[in-house]
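Biologist: I have the sequence and the structure open. Can we go through them together?

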Amino acid sequence: MKRRSLLGALVAAVLCLGPWGCGEPHSDHSGGSHPAGGHAHEPKYGGILVELGNHEGNVEVVLDPTAGRLTLYVLDAHAENFVRLPVSSIAVVADAPGGPRTLNLQPVANTATGEKAGDTSQFEVVEEWLKTSPTLTGRIQELPVRSKTYRDVAFQITR
């Protein structure tokens, strides 16, 4: 009987602490804590963190209004490590003046991290109208991360 209890506890620990999450209660990514307490994940680049799945990963969304640039960084569950994607672009449908617009964010190579187009965690697009938009509401249409694909990942940035 002890073997079954130990095996059950081991399976529960693997499921709770495995690569699917960090195993700890987490923040709502807006600076406050999760109602159950816990720890916070901070954005690396001053953007906003958008959680993927049930604490399976994050996307940091960064808007540079001066340059009219929208950048996405794909990060792990703790928002500490980059997660490289083998994709040629990421489509974001954004609310824009005059109606929704599709933005096709292109991969960004980074010699410091060894990332290159087709194997990078950073994607961006530059659009003139992003310079004047007071808020940016959008959704990432499809984001394949590791063995899972996330669809309609919503975000909102308010300046």
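**The sheet and its surroundings**

Modeller: This is a predicted model. In it, 8 strands make up an open sheet, with the order 1-2-3-6-5-4-7-8 and antiparallel pairing.

Biologist: Which strands stand at the edges?

Modeller: Strand 1 (48-52) and strand 8 (148-158) do. Each has a single partner strand, so one side of each is left without a neighbour in the sheet.

Biologist: And what is the twist, on average, from one strand to the next?

Modeller: The twist averages 25° from one strand to the next.

Biologist: What holds strands together in general?

Modeller: Strands of a sheet pair through backbone hydrogen bonds, and the pairing is either parallel or antiparallel.

Biologist: Take strand 4 and strand 5. How many bridges join them?

Modeller: There are 7 bridges between strand 4 (residues 90-96) and strand 5 (residues 99-107), and the two run antiparallel. As one example, Ile90 has Leu105 in strand 5 as its bridge partner.

Biologist: Where is Pro86?

Modeller: Pro86 is in the loop between strand 3 (69-75) and strand 4. Its relative accessible area is 69%, which is over the 50% cut-off, so Pro86 counts as exposed.

Biologist: How far is Pro86 from Lys116?

Modeller: Their C-alpha atoms are separated by 9.6 Å, while along the chain Pro86 and Lys116 are 30 residues apart.

Biologist: New topic, confidence. What is the average pLDDT?

Modeller: The average pLDDT of the protein is 81, and 75% of the residues score at least 70.

Biologist: Where does pLDDT stay under 50?

Modeller: One such stretch is residues 1-21, where the model has 11 contacts beyond four places in sequence. Another is residues 24-37, with 22 contacts of that kind.

Biologist: How should coordinates be read where pLDDT is low?

Modeller: Where pLDDT is low, the predicted coordinates should not be read in detail.

Biologist: Now the rings. How many aromatic pairs are there?

Modeller: The count comes to 2 aromatic pairs. One of them is Tyr45 with Tyr73, a stacked pair with 4.0 Å centre to centre and 20° between the planes.

Biologist: Why does that pair tie together separate parts of the chain?

Modeller: Tyr45 is in the loop between helix 1 (2-17) and strand 1, and Tyr73 is in strand 3, so the pair ties together parts that are 28 residues apart in sequence.

Biologist: Is Tyr73 buried or exposed?

Modeller: Tyr73 is buried, at a relative accessible area of 10%. Tyr45 is partly exposed, at 38%.

Biologist: What about Tyr45 and Phe82?

Modeller: The ring centres of Tyr45 and Phe82 are 6.5 Å apart and the planes are at 25°, so that pair is stacked. Phe82 lies in the loop between strand 3 and strand 4 and Tyr45 in the loop between helix 1 and strand 1, so the pair ties together parts that are 37 residues apart in sequence.

Biologist: How accessible is Phe82?

Modeller: Phe82 counts as partly exposed, with 29% relative accessibility. Tyr45, Tyr73 and Phe82 form one aromatic cluster.

Biologist: What sits over the ring of Phe82?

Modeller: The charged end of Lys44 does, 5.3 Å from the centre of the ring.

Biologist: Moving on to Gln141. Where is its place?

Modeller: Gln141 is in strand 7 (residues 135-145). Its relative accessible area is 33%, and Gln141 is partly exposed.

Biologist: What is Gln141 in contact with?

Modeller: Beyond its neighbours within four places in sequence, Gln141 contacts Ala91, Val93, Tyr150, Arg151 and Asp152. For Gln141 and Arg151, which are 10 residues apart along the chain, the C-alpha atoms are separated by 5.4 Å.

Biologist: What is phi at His55?

Modeller: His55 has a positive phi of about 60°, although it is not a glycine. His55 is in the loop between strand 1 and strand 2 (57-64), and is buried with a relative accessible area of 4%.

Biologist: And phi at Asp152?

Modeller: Asp152 also is not a glycine and has a positive phi, of about 55°. Asp152 is found in strand 8 and is partly exposed, with a relative accessible area of 47%.

Key:
Residues are numbered from 1 along each chain as its sequence is written. This is a predicted model: local features need pLDDT of at least 70, side-chain atom pairs count only at pLDDT 80 or more; totals for chains, interfaces and linings use all residues. Side-chain values use heavy atoms; hydrogens and water are left out. Two strands pair if DSSP finds at least two bridges between them. Helices (H or I, at least four residues) and strands (E, at least two) are DSSP runs, numbered from the N terminus. Axes are lines fitted to C-alpha atoms, for helices over the stretch in contact, and angles run from 0 to 180 degrees between N-to-C directions. Buried means under 20% relative accessible area, exposed over 50%, partly exposed in between (1.4 Å probe, protein chains only). pLDDT is the predictor's confidence in each residue, from 0 to 100. Contact means heavy atoms within 4.5 Å. Rings of Phe, Tyr and Trp (its six-membered ring) pair if their centres lie within 6.5 Å; planes under 30 degrees apart count as stacked, over 60 as edge-to-face and the rest as tilted. A charge sits over a ring if NZ of Lys or CZ of Arg is within 6 Å of the ring centre and within 35 degrees of the ring normal.
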